[in-house]
Amino acid sequence: MATTNVREGALFKQSRHLRLLRKRWTVLQQRQADYTETEYFLCTYKQEKVYQSPTENIPINAGTSIGIHTDEYDEDNLMFYVKNKKDGHLFLFEAQSTRDRNQ
């Protein structure tokens, strides 16, 4: 299986249990199992450019919605969400700028 890092950078991700924002190295990976099947995953890591033991491995597919998360405390609207429709899990991320958020 060939894996390509399409985009990567530092984002803050809200933790599942304590709901704290933690800095994570975030990578959009393209994985190609064969010549016809391509899958995308959003992976988060504790350390920058250390691609071992991801803290999250979120599939990005037709059942995934991504959008801007509006929050009264986020005046600059830097937060966005990734929601898996299959299990309903919502992941919240915060970018350092609107440019980073939109890419």
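These legends walk through a whole-protein view and then several close-ups of a predicted model. Residues are numbered from 1 along each chain as its sequence is written, and side-chain values use heavy atoms, with hydrogens and water left out. Because this is a predicted model, local features need pLDDT of at least 70 and side-chain atom pairs count only at pLDDT 80 or more, while totals for chains, interfaces and linings use all residues.

Figure 1. Helices (H or I, at least four residues) and strands (E, at least two) are DSSP runs, numbered from the N terminus. Read from the N terminus, the order is β-β-β-β-β-β-β-α. The radius of gyration is 14 Å, close to the 13 Å that the globule rule gives for 103 residues, so the protein is as compact as a globular protein of that length. (That radius is taken over C-alpha atoms, and the rule is 2.2 Å times the number of residues to the power 0.38.) Along the principal axes, the C-alpha atoms fill a box of roughly 45 × 30 × 30 Å. Of the 103 residues, 30% are buried; buried means under 20% relative accessible area, exposed means over 50%, and partly exposed is in between (1.4 Å probe, protein chains only).

**Figure 2. Here is Thr44, a residue of strand E3 (residues 38–45).** Is Thr44 buried or exposed? Thr44 is buried, with a relative accessible area of 0%. Look at its side chain: a polar contact of 2.5 Å joins it to the side chain of Thr55. (A polar contact is a pair of N or O atoms within 3.5 Å; within protein, one must be able to donate a hydrogen and the other to accept it, and residues adjacent in sequence count only if both atoms are side-chain atoms.) The Thr44 side chain also reaches the backbone nitrogen of Glu56, at 3.1 Å. Contact means heavy atoms within 4.5 Å. Leaving aside neighbours within four places in sequence, the contacts of Thr44 include Lys13, Trp25 and Phe93.

Figure 3. Most residues other than glycine have a negative phi. How accessible is Arg19? At 52% relative accessibility, Arg19 counts as exposed. Lys49 is exposed too, with a relative accessible area of 52%.

**Figure 4. This view picks out Lys83 in strand E6 (residues 79–84).** Lys83 counts as partly exposed, at 34% relative accessibility. Which residues does Lys83 touch, not counting those up to four places away in sequence? They are Gly63, Thr64, Ser65, Gly88, His89 and Leu90. Now find Ile58: its C-alpha atom is 9.2 Å from that of Lys83, and the two are 25 residues apart along the chain.

**Figure 5. Last up is Val6, found in strand E1.** Val6 counts as partly exposed, with 45% relative accessibility. Setting aside neighbours within four places in sequence, Val6 is in contact with Leu28, Gln30 and Tyr40. How far apart in space are Val6 and Thr70? From C-alpha to C-alpha they are 27 Å apart, and in sequence they are 64 residues apart.
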